[in-house]
Amino acid sequence: REIAKGRYYDFEDYKKKAYKDPGVRERCEKAFAELKLAHQIAEFREKANMSQAKLAEEIHTKQQVVSRLEDERHIPSFITLWKVAQAFGKKLQIKFV
């Protein structure tokens with residue numbers, strides 16, 4: 001909780017106010033989607049007890065590329081995501097909702 005002009009508010013209060021601006025909402029949703037994707041790749045890799053180097057080998061790329069995949073600031077291509085899904089025995093599903 002933070003203090004704003006003498007009153008307490010939490011993140012949910014802040015989010016409600018900030019999301020009233022369509023630009024803020026769009027940027028936040030994009031950032032959360034990127035973060036979720038990066039964390040999901042890292043989580044799959046860790047659950048498989050696989051190093052970044054081993055995943056790189058599986059998808060025919062370099063370890064540095066896998067490192068970037070696990071960084072939410074990087075947006076991977078469709079084919080790269082497909083290769084990652086294949087490496088973990090998963091299906092890649094992209095849909096508009």
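Trainee: Where is His 60 found?
Mentor: His 60 sits in the loop between H3 and H4. Keep in mind that this is a predicted model.

Trainee: Why is His 60 called exposed?
Mentor: Its relative accessibility is 70%, and exposed means over 50%, so His 60 counts as exposed.

Trainee: What makes the phi of His 60 worth a remark?
Mentor: His 60 has a positive phi of about 60 degrees although it is not a glycine. Most residues other than glycine have a negative phi.

Trainee: Which loop holds Asn 49, and what is its phi?
Mentor: Asn 49 is in the loop between H2 and H3. Its phi is positive, about 50 degrees, although Asn 49 is not a glycine.

Trainee: How do you know whether Asn 49 is buried or exposed?
Mentor: Compare the value with the cut-off: Asn 49 has a relative accessible area of 73%, exposed starts over 50%, and therefore Asn 49 is exposed.

Trainee: Now the rings. How many aromatic pairs does a search of the whole structure find?
Mentor: The search finds one aromatic pair.

Trainee: Why is the pair of Phe 44 and Phe 88 called tilted?
Mentor: Their ring centres are 5.8 Å apart, and a pair needs centres within 6.5 Å. Their planes meet at 40 degrees; under 30 would be stacked and over 60 edge-to-face, so this pair is tilted. The pair links distant parts of the chain, 44 residues apart, with Phe 44 in helix H2 and Phe 88 in the segment after H5.

Trainee: Which residues make up the largest nonpolar core?
Mentor: The core has ten residues, among them Phe 88, Ile 41, Met 50, Leu 55, Val 66 and Leu 81. Helices H3, H4 and H5 each give two or more residues to this core. In soluble globular proteins, nonpolar side chains tend to be buried together.

Trainee: What lines the largest pocket?
Mentor: The lining has 23 residues, with Leu 37, Leu 81, Leu 92, Gln 93 and Ile 94 nearest the centre. The pocket holds about 830 Å³ of space. H2 gives the most to its lining, eight residues. By type, the lining divides into 14 nonpolar, three polar and six charged residues. Leu 81 touches Leu 37 and Leu 92, among others.

Trainee: Why does Ile 94 count as exposed?
Mentor: Ile 94 has 56% relative accessibility, and the line is drawn at over 50%, so Ile 94 counts as exposed. Ile 94 belongs to the segment after H5.

Notes:
Residues numbered from 1 in each chain as written. Predicted model: local features only at pLDDT ≥ 70, side-chain atom pairs only at ≥ 80, totals over all residues. Heavy atoms only, no water. Core = buried A, V, L, I, M, F, W, Y, C linked by side-chain atoms within 4.5 Å. Buried < 20%, exposed > 50% of the residue type's maximum accessible area, 1.4 Å probe, protein only. Helix = DSSP H or I, 4+ residues; strand = E, 2+ residues; numbered from the N terminus. Contact = heavy atoms within 4.5 Å. 1 Å grid on protein atoms, 1.4 Å probe; cavity = no way out; pocket = protein on both sides within 12 Å on 5 of 7 lines; lining within 4 Å. Points joined across faces, edges and corners; volume = space filled by probe spheres on them. Nonpolar A, V, L, I, M, F, W, Y, C, P; charged D, E, K, R; others polar. Phe/Tyr/Trp six-rings, centres within 6.5 Å; stacked < 30°, edge-to-face > 60°. Lists of a residue's contacts leave out its neighbours within four places in sequence.
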